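Subject: Handover of a structure, with notes

Dear colleague,

Please find below the structure that I would like to pass on to you.

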Amino acid sequence: MKGILKTTSAVLVAAAIVPAIWMLYVLSARALARPDILSFEYSWEKEIFFTDPIVEVEFMAKDQNWPKVNSTVVRIVANSTRYQAFVIEPFPDWSSFSALSFIAASSGANSVQATIRVHDADHNNRFDDRFNYGFDLSPTPRIFTIPMTEIASAPANRKMDLHNISRIIVFLSNTEGDEELWLDDFRLR
Ligand SMILES: [Ca+2]
């Protein structure tokens, strides 16, 4: 009995430590990957993004007709007309970079309207206190590049804190509910 208890508690301790070590590894890998934010090439990256449960997400290797050769990308399928979001928690210090870029395309036949937003740790959840950019996607992939000056000056009453960026969110709103899009290669330049 004593032996079983000992084993059980060792397992419990290990169960607590392993996720903590894994998250330390993720934070380290996220920092070392700079200026790459999210490439969909590494398993640790799954810890730095999440989606609304109503969004379907799948990974797929792109070998042609994509700006980046042999790249794994994520495909997002909307299944509701409600607000649907893909949320990234990037490394926070963007202060030494001049732009944010990413690759996107619609993965179905129809064009897709999406919005990307960026906010910092001080964000108050008001629309005019964050960076927002609406964009149209067609089946032809595009590299979007957003100057850091636009992100920095986006909040109405203050400067964005580029040392403490908190989240990038790509979202769909007022949709038909059947949108499909590809995302890839979020990075700073
Ligand atoms: Ca990729």
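The notes below go from the chain as a whole to its strands, its core and a few single residues.

Please bear in mind that this is a predicted model, in which local features need pLDDT of at least 70 and side-chain atom pairs count only at pLDDT 80 or more, while totals for chains, interfaces and linings use all residues. Residues are numbered from 1 along each chain as its sequence is written.

**The chain as a whole**

The chain contains two helices and eleven strands, where helices (H or I, at least four residues) and strands (E, at least two) are DSSP runs that are numbered from the N terminus. A box of roughly 65 × 40 × 35 Å, taken along the principal axes, holds the C-alpha atoms of the chain. Of the 189 residues, 24% are buried; a residue is called buried if 20 or more other C-beta atoms lie within 10 Å of its own, exposed if 12 or fewer do, and partly exposed in between, with C-beta atoms placed from the backbone. Among contacts between residues at least 6 apart in sequence, 75% join residues at least 24 apart, a contact being a pair of residues whose C-beta atoms, placed from the backbone, lie within 7 Å.

**Strand pairing**

Five strands form an open sheet in the order β2-β5-β10-β7-β8, with antiparallel pairing; two strands are said to pair if DSSP finds at least two bridges between them. The edges of this sheet are β2 (49-51) and β8 (131-137), each of which pairs on one side only. Neighbouring strands in the sheet are turned by 20 degrees against each other on average, direction ignored, where the axes are lines fitted to C-alpha atoms and angles run from 0 to 180 degrees between N-to-C directions.

Going through the sheet pair by pair, β5 (residues 84-88) and β10 (residues 165-172) are antiparallel and share five bridges, with Q84 standing opposite L172 in β10. Strand β10 also pairs with β7 in the antiparallel sense, over six bridges, and here D120 has I165 in β10 as its bridge partner. Strand β7 is joined in turn to β8 by seven bridges, again antiparallel, and V118 has F131 in β8 as its bridge partner. As for burial, β7 is mostly covered, with seven of its nine residues buried.

Further antiparallel pairing involves β3 (residues 56-62) and β4 (residues 71-77), which are joined by seven bridges, and V57 stands opposite I76 in β4. Strand β4 is also joined to β11 (residues 180-188), by four bridges and in the antiparallel sense, with R75 opposite W182 in β11.

**The nonpolar core**

The largest nonpolar core has 31 residues, of which A104, A114, L137, I151, L181, W182 and L183 touch the most other members; such a core is a set of buried Ala, Val, Leu, Ile, Met, Phe, Trp, Tyr and Cys residues joined through C-beta atoms within 7 Å. At least two residues of this core are supplied by each of β1, β4, β6 (99-106), β7, β8, α2 (148-152), β10 and β11, and the largest share, five residues, comes from β6. If residues up to four places away in sequence are not counted, L137 touches A104, A105, S106, S111, V112, A114 and L181.

**Single residues in loops**

The peptide bond from R34 to P35 is cis, with omega near 10 degrees, and P35 lies in the loop between α1 (2-32) and β1 (36-38). In the loop between β1 and β2, F40 has a phi near 65 degrees, a positive value in a residue other than glycine; F40 counts as partly exposed because 19 C-beta neighbours lie inside 10 Å. Another residue other than glycine with a positive phi, near 70 degrees, is N125, which is found in the loop between β7 (112-120) and β8 and is exposed, with 7 other C-beta atoms within 10 Å.

Finally, S96 lies in the loop between β5 and β6 and counts as exposed, with 11 C-beta neighbours inside 10 Å. S96 and H163 are 67 residues apart in sequence, and their C-alpha atoms are 8.9 Å apart in space.

With best regards

Conventions:
Two residues are in contact if their C-beta atoms, placed from the backbone, lie within 7 Å.
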